[in-house]
Amino acid sequence: MKIFVAGATGVVGRRLVPLLVAAGHQVTGTTRRPERARTLADQRATPVVVDVMDAGALASAVAQARPDVIVHQLTDLSDEDFAANSRLRIVGTRNLVDAARAAGVETMVAQSIAWLYRPGDTPAVESDPLDPSLPPYEGVAALEQAVAEMPRGVVLRYGALYGAGTWYAPDGAIAERVRNGSLRRTPAWTSFVHADDAAAAALAALDWPAGPVNIVDDEPATSAEWLPVYCEALGIPTPGTARHAAATGRPASNARARELGWKPRIASWRTGFSQQD
């Protein structure tokens, strides 16, 4: 198939493009940065330098590529600018869906997040409601609603991504927070997924039915559980326990993804944190 990957040089995109090419697909990949176009060409994809916030330029790029499927892996978190990332989810996704529909594209696979569910006592499944009180809700809700307008829109609710190039990498933002003492052990829940497994899920999702799917590993954990293992992998001291910290977040279930044939190659952060190269 012809696959148009929006955000092809991001954490998931740069892993996904080689998988798509190896599977025999013809790939067009977007980037906002001209200096990254060579990387896409080296991966045997056709690079397109375009800003998805420019609706006209994006529509032209999609129309010229004439894809069968659009894969939306757009984020804007390199500077930890959450407002910019929310704008991208709202405006960028709207532009991408409009461009897809104008070009007659029927299928979109899009990146979302798995840590927005309302609190509950059991691991969250895709039919559980999202929590509008959480800060990312506006952008995520807009993204998922827009993708649902596609004839077949698959939403991948990724867990916290780790691996090279992510915030959890040895040179990433989370490692820096541990080193400077601003991150401590708490009862807060996190569901992880290695970025390689996230890319593999995006490849598999080309054949999935419409709707959201949690893409997380097999072992959700509180930071009281995962942080010591993470620190050991980085070779840095484990921080102490935060006083009076309340339980937050909710674990997510990957049962639906497994039903569809995906399972994480790295089943748990317990082994995965040492595999971040």
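In helix α7 (residues 195–204), the buried residues are Ala195, Asp197, Ala198, Ala199, Ala201 and Ala202. Here buried means under 20% relative accessible area, exposed over 50% and partly exposed in between, with a 1.4 Å probe and protein chains only. Helices (H or I, at least four residues) and strands (E, at least two) are DSSP runs numbered from the N terminus. The model is predicted: local features need pLDDT of at least 70, side-chain atom pairs count only at pLDDT 80 or more, and totals for chains, interfaces and linings use all residues. Residues are numbered from 1 along each chain as its sequence is written, and side-chain values use heavy atoms, with hydrogens and water left out.

The cover over the buried residues of α7 includes α1 (13–22), β5 (107–113), β6 (152–158), β7 (160–162), β9 and β10 (211–215), where contact means heavy atoms within 4.5 Å. Asp196 is partly exposed at 32% relative accessibility, whereas Arg15 is buried at 15%.

The whole structure holds 12 salt bridges, each a side-chain nitrogen of Lys or Arg within 4 Å of a carboxyl oxygen of Asp or Glu. One of them joins Glu259 to Arg256, at 3.4 Å between the closest N and O atoms. Both residues belong to helix α9 (residues 255–259) and stand three residues apart, about one turn of the helix. Glu259 is exposed at 61% relative accessibility, and Arg256 is partly exposed at 31%. Elsewhere, salt bridges with shared partners join Arg94, Asp98, Arg101 and Glu149 into one network.

Aromatic side chains supply a further set of links. There are 12 aromatic pairs, defined by rings of Phe, Tyr and Trp (its six-membered ring) with centres within 6.5 Å; planes under 30 degrees apart count as stacked, over 60 as edge-to-face and the rest as tilted. Phe192 and Phe273 pair edge-to-face, at 5.4 Å centre to centre and 90° between the planes. Phe192 lies in strand β9 (residues 192–194) and Phe273 in the segment after α10 (269–272), so the pair connects parts 81 residues apart in sequence. Phe192 and Phe273 are buried. Phe273 also pairs edge-to-face with Tyr230, at 5.2 Å and 70°. Since Tyr230 lies in helix α8 (residues 223–234), this second pair ties together parts 43 residues apart.
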